[in-house]
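Dear colleague,

I am passing on the structure we spoke about, so that you can look at it alongside the notes in this message. Please open it first and read on with it in view.

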Amino acid sequence: MCRIRAFEGQSERAYRSGLAGGYLHVYNGMEATAIGWLSSIQPGDPVITAYRDHGHALYLGCDALECMAEIMGRATGLSKGKGGSMHLYSKEHNFYGGWGIVGGHTALGVGLAFGTKYRGGNEVTHCFLGDGAANAGVLYEVMNMASLWDLPVIFIIENNEFAMGTRLEYHAADPELHKRAEGFNMEHERIDGMDVLQVRKHAKRIIEKVRKTHRPYFLEIMNYRFAGHGAADNDQSLYRTPEEVERAKQRDPILLLGKHLTENGIASEAELEAIQREAEEEMEAVYEAAAAQPKPEPDAVYADVYTDMEPERGH
Ligand SMILES: Cc1ncc(C[n+]2csc(CCOP(=O)(O)OP(=O)(O)O)c2C)c(N)n1
Ligand SMILES: [Mg+2]
């Protein structure tokens with residue numbers, strides 16, 4: 001969680017220095033969700049998410065320098081410098097992106113789960129989405145398919161209480177989003193997303209169940225984003241107060257885990273500080289190294305657009 005937080009500090013620095021083109025959304029405050037969940041998956045399980053994707057990519061093992069190089073549009077970036085912050089992608093790590101069309105990637109997530117069923121595999125697809133994305137029509141088409149066809153997919157709503165500047169209560173007819181799964185005959189629940197150990201505990205139980213039953217699951221994880229919607233969200237006073245943010249920060253996932261570790265004698269304050277410092281130093285070096293990477297050649301724009309590969313055949 002410290003590595004992600006430190007990485008985000010540097011990615012915002014890249015944006016403010018004009019080194020990151022396009023758009024950028026940081027994960028501060030939400031780290032316990034990705035880590036609690038992804039620390040419970042099995043190797044080979046596909047993962048897909050929206051544009052707030054740095055934390056997922058890092059935890060899945062994507063190289064921090066390649067991620068930062070991607071954010072800076074460099075040829076050595078994870079997506080060869082052509083995707084930017086919103087389109088981190090690494091098939092090697094079963095990380096299928098990184099998508100900017102709100103809700104659109106949920107169809108791809110269900111496609112990944114369909115692929116598993118078609119090939120007779122035992123993987124579970126983990127499809128993260130935002131609370132705002134939960135209002136996209138495509139989600140309801142693919143929830144129906146997932147349930148009808150018994151596809152092993154877990155929809156994980158990262159409910160950070162806002163869709164850009166619109167608060168949950170203003171965009172959702174029923175703010176308990178998980179209940180929407182009822183119409184699709186799908187199991188559902190809502191859990192706290194600020195305590196990484198709690199997320200991990202629930203994740204183990206739910207993932208095991210889906211792997212056994214091959215039935216989809218609809219989960220809503222409550223967290224909170226500490227930063228603005230994106231790096232260009234400069235006037236948060238239009239939709240929330242600094243006091244509200246401060247209140248939420250009292251349950252900062254890094255703070256909560258730190259408390260747990262010190263109170264139970266697992267780590268000392270000094271050890272925690274060292275972990276934080278190490279993460280900060282690592283990501284500062286990553287920033288410098290990424291800024292020194294080459295930019296793509298103009299011709300690269302034509303590469304990786306079409307494929308002449310034969311599609312993979314199943315049974
Ligand atoms: C189809 C589509 N409509 C609108 C947008 C513009 N847009 C970008 S982010 C966003 C809000 C999404 O909020 P949420 O799903 O809660 O994700 P969060 O930013 O909170 O992680 C919107 C409406 C978009 N990218 N795609
Ligand atoms: Mg949101």
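Below is what was found, beginning with the metal site. Please bear in mind throughout that this is a predicted model.

The magnesium ion (ligand 2) is coordinated at 2.1 Å by Asp131 through OD, by Asn160 through OD1 and by Phe162 through its O atom, and along the sequence these donor residues follow the spacing D-x28-N-x1-F. Because Asp131 sits in the loop between strand S2 (125–130) and helix H6 (137–148), while Phe162 belongs to strand S4 (residues 162–163), the pair ties together parts that are 31 residues apart in sequence. Asp131 is buried, since its relative accessibility of 1% falls under the 20% cut-off, and Phe162, with a relative accessible area of 3%, is likewise buried.

Turning to another loop, Asp150 is located between H6 and strand S3 (153–159), where its relative accessible area of 32% makes it partly exposed. Asp150 also pairs up in space with Pro216, in that their C-alpha atoms are 6.6 Å apart although 66 residues separate the two in sequence.

Conventions. Residues are numbered from 1 along each chain as its sequence is written. Chains are lettered from A and ligands numbered from 1 in the order in which they are written. This is a predicted model: local features need pLDDT of at least 70, side-chain atom pairs count only at pLDDT 80 or more; totals for chains, interfaces and linings use all residues. Side-chain values use heavy atoms; hydrogens and water are left out. Donors are N, O and S atoms within 2.8 Å of the metal (3.2 Å for Na, K and Ca); water is not among the atoms, so sites may look incomplete. Helices (H or I, at least four residues) and strands (E, at least two) are DSSP runs, numbered from the N terminus. Buried means under 20% relative accessible area, exposed over 50%, partly exposed in between (1.4 Å probe, protein chains only).
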